[in-house]
Amino acid sequence: MKKVMVYGNGVSGKGAKKLLEHLGEEVILVDDKTAISSSEALKHLDDTKLFIKSPGIPYTKLVNEAKVKGIKIIDEIELAYNYIVDKSLPVKIIAITGTNGKSTTTAKISDMLNFAGYKATFAGNIGVSLAETILNNPTLDYIALELSSFQLENIENFKPYISMIINMGPDHIERYKSFDEYYDTKFNIQKEQDRNCYFIENIDDVEIEKRKSWIKTNKVTISKFNLADVYVKDEKIFFKDEYITDRENLSLKGIHNLENVLFMIATAKIIGIDNAKIKDFLSVATPLEHRTEEFFNYGKIKFINDSKATNVDSTRFALETNKNCILICGGYDKGVDLKPLAQLIKENNIKETYLIGVIAEKIKTLLLEIGYDEKKIFMLDNLEKTLLFLKEKLDKNIEEVVLLSPATSSYDQFNSFEHRGKVFKELVLKIFG
């Protein structure tokens, strides 16, 4: 009897393995650290009928050899979705992707649905596998499903009830041949949707609008600046001609969170949640950890953890909100253009810039090229050295903001942005607490 090969033993791989074993399949688990190696797995491909590739794994020799042998390659999202359809489970999928804001939107849509009385949860790229979620909760009404571009590469039948792309900006050039290929992959989220489904369209986003002709399902439009189905006018938010709430009543602050809120409202209106219930929820929704999270004060010095800022656009939001701050940034080299980051640092009058990680030298060079004062640049390699230096330098009686907003991934020094954020918070409490 042929087996199913699962490549990767992270969150996605573990979920896929659990679901497959629940279905009575024999699984070959491949992971170069915790299971059989990818080189050893090459010997088992002739006994493999289906190949589940974890999203973070690139197209290695093993994956390409599986392709050559004609083995079907899907990911855990497709596997779990097919299970939902085969078992006629009642759950509806609300699928969320984008370059920035997708985790907040995913988690808060789930919270909003529970607030309104539905049985809902979140899953996907936010840290919980879809496969394990549906196994543990087969009677859910909704799952808010965060999807990365990596998770959208190998889908075939996946058809969410509601899909949305929050925004699209340059990212992950280390994976794709071009940014257009990255944007096109994001659009896979809606490719199987039909007239019984919905796509929420951000008409403010240039890359989304370039591809809007690809959308074949029902559309609900949102905009922060222009007339749309969900829009902002005179600091009030409307759905068509219905007043929803004032901006000042939103508990999620900032222009980036306003965009997330518009997607939440659009989702609520599609589902049929009452306006009063929407307004009440938006007044109490709490931000997620590691997203411009103000977590500690040392005298008059405020510390902000924005470790989730894994690209330049995300750091842009933090810098525009915290002009003249002390910035800690840097990390893994994703191969993207860092000139916009240097420009943002200069334009927002960042008082001092502390560079960490493998891209530190690149950022320093770009800052010097545009005339940023070299005396404001500090190269201290990692978070602990940076914070120890700041402890000696800063006066707790003078107002300052110390902002960690790395503008890139964490993989050179940390396991994830969550790991980086937790270490930052622990070090701040240890050194300044």
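Student: Over the face of which ring does Lys 308 lie?

Tutor: The model is predicted, so local features need pLDDT of at least 70 and side-chain atom pairs count only at pLDDT 80 or more, while totals for chains, interfaces and linings use all residues. Residues are numbered from 1 along each chain as its sequence is written, and side-chain values use heavy atoms, with hydrogens and water left out. A charge sits over a ring if NZ of Lys or CZ of Arg is within 6 Å of the ring centre and within 35 degrees of the ring normal. Lys 308 lies 5.2 Å from the ring centre, over the face of Phe 417.

Student: How many aromatic pairs does the structure hold?

Tutor: Rings of Phe, Tyr and Trp (its six-membered ring) pair if their centres lie within 6.5 Å; planes under 30 degrees apart count as stacked, over 60 as edge-to-face and the rest as tilted. Ring pairs link Phe 296, Tyr 298, Phe 303 and Phe 432 into a cluster. The number of aromatic pairs in the structure is 18.

Student: Are the rings of Tyr 118 and Tyr 142 stacked or edge-to-face, and why?

Tutor: The centres of the rings of Tyr 118 and Tyr 142 are 5.5 Å apart. Their planes stand at 85°, so the pair is edge-to-face.

Student: How many residues apart in sequence are the parts that this pair ties together?

Tutor: Helices (H or I, at least four residues) and strands (E, at least two) are DSSP runs, numbered from the N terminus. Tyr 118 lies in the loop between α5 (102-115) and β6 (120-124), and Tyr 142 in strand β7 (residues 142-146). The pair therefore ties together parts whose separation in sequence is 24 residues.

Student: Is Tyr 142 buried or exposed, and what is its relative accessible area?

Tutor: Buried means under 20% relative accessible area, exposed over 50%, and partly exposed in between (1.4 Å probe, protein chains only). Tyr 118 counts as partly exposed at 26% relative accessibility. Tyr 142 is buried, and its relative accessible area is 8%.

Student: Which residues does Tyr 118 touch, not counting residues up to four places away in sequence?

Tutor: Contact means heavy atoms within 4.5 Å. With residues up to four places away in sequence not counted, Tyr 118 touches Leu 113, Asp 141, Tyr 142, Ile 271 and Ile 273.

Student: Which elements do the buried residues of α7 pack against?

Tutor: In helix α7 (residues 179-186), the residues Tyr 182, Tyr 183, Thr 185 and Lys 186 are buried. They cover an arc of only 160° around the axis, which puts them on the same side of α7; the arc is that of the directions from the helix axis to the C-beta atoms. The buried residues of α7 pack against β5 (92-97), α5, β8 (162-165) and α8 (206-210).

Student: What is the bridge partner of Ile 96 in β8?

Tutor: Two strands pair if DSSP finds at least two bridges between them. Strand β5 pairs with β7 in the parallel sense over five bridges, and four bridges join β5 to β8, which run parallel. Ile 96 stands opposite Glu 146 in β7. In β8, its bridge partner is Met 164.

Student: Is Asp 234 buried or exposed, and what is its relative accessible area?

Tutor: Asp 234 lies in the loop between β11 (230-233) and β12 (236-239). Its phi is near 55°, a positive value in a residue other than glycine. Most residues other than glycine have a negative phi. Asp 234 is exposed, and its relative accessible area is 66%.

Student: What is the relative accessible area of His 290?

Tutor: His 290 is found in the loop between α10 (275-282) and β14 (293-298). Phi of His 290 is near 75°, a positive value in a residue other than glycine. His 290 is buried, with a relative accessible area of 2%.
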